[in-house]
Structures are given as structure tokens and as C-alpha cells.
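Work through the exercises below with the structure in view, and try each task before reading its solution.

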Amino acid sequence: MSVLVRFGKHKAFLRAGRWMSASAALEEKLNEETARWMRETGGPPIREIDQERGVAAEMAQRFGGRILLRMRTRSPRSKQVFFDLRQLQFDFTESIVFRRGR
């Protein structure tokens, strides 16, 4: 599945869970916000058939965009991408304290 969204003067394309745009700043902002949203909420409901449309609709709402085009696929790989993005990631770099002598 792929979705094309217009954000003001720029367009961005969501495919396989990643945003692509001619505007590097927009692309980075969308990818960061999508990752944050997925971590905090789990993203679109799992039962939603078109996961990318759900992500694109959320980002369009947050950044004042509009969905221009949506292309659907029957590939099971598309659903797997969003299951992978929902996996929890833990950062233990600051929480681990190493003590000598123990």
C-alpha cells in the first residue's frame, strides 16, 4: 500500500512504513512523528485493513495535510511492516549502573 499526501507546497509518499519526500525536512519530521506516534499509541488499529492509510490520515491531521492518492496492495508484507513497527524498543543506556566489586 502506498499513500501520497500534500502538506502545503510539498508532497510526501508513505510506503512500507517510511515517508519519502523531496523536502528532506518534511520527510524527517514525518518519519520522526510517525515513529513517536507508533511508540506512544501503537498506531492505527490492528484490525484496520489499510494500515498506511491510517498512518497517513493521522499525519495529515497533525500537520494540516490532505491525502491525494491511495494505492492498495494485497501483499501480506504490507501488514507485516506495521507489526514490526509496533514492537517495543527499550533503551537501557541510562538505566544501567555498573558497580565495581559486586
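**Exercise 1.** Which residues does Phe7 touch, not counting residues up to four places away in sequence?

Solution. In this predicted model, Phe7 touches Ala12, Trp19, Leu26, Leu30, Met59, Ala60, Phe63 and Gly65 once residues up to four places away in sequence are set aside.

**Exercise 2.** Classify the pair formed by the rings of Phe7 and Trp19, and then the pair formed by Phe7 and Phe63.

Solution. A pair of aromatic rings is described by the distance of the centres and the angle of the planes. The ring centres must lie within 6.5 Å, and planes over 60 degrees apart count as edge-to-face. By this rule there are two aromatic pairs. For Phe7 and Trp19, the values are 6.0 Å centre to centre and 70 degrees between the planes, which gives an edge-to-face pair. This pair joins distant parts of the chain, with Phe7 in strand E1 (residues 2-7) and Trp19 in strand E3 (residues 18-21), twelve residues apart. For Phe7 and Phe63, the centres are 6.5 Å apart and the planes stand at 80 degrees, so this pair is edge-to-face. Phe63 lies in helix H2 (residues 51-63), 56 residues apart from Phe7. Phe7, Trp19 and Phe63 form one aromatic cluster.

**Exercise 3.** Is Phe7 buried or exposed, and what is the relative accessible area of Phe63?

Solution. Buried means under 20% relative accessible area; Phe7, at 7% relative accessibility, therefore counts as buried. Trp19 is buried as well, whereas Phe63, with a relative accessible area of 28%, is partly exposed.

Key: Residues are numbered from 1 along each chain as its sequence is written. This is a predicted model: local features need pLDDT of at least 70, side-chain atom pairs count only at pLDDT 80 or more; totals for chains, interfaces and linings use all residues. Side-chain values use heavy atoms; hydrogens and water are left out. Rings of Phe, Tyr and Trp (its six-membered ring) pair if their centres lie within 6.5 Å; planes under 30 degrees apart count as stacked, over 60 as edge-to-face and the rest as tilted. Helices (H or I, at least four residues) and strands (E, at least two) are DSSP runs, numbered from the N terminus. Buried means under 20% relative accessible area, exposed over 50%, partly exposed in between (1.4 Å probe, protein chains only). Contact means heavy atoms within 4.5 Å.
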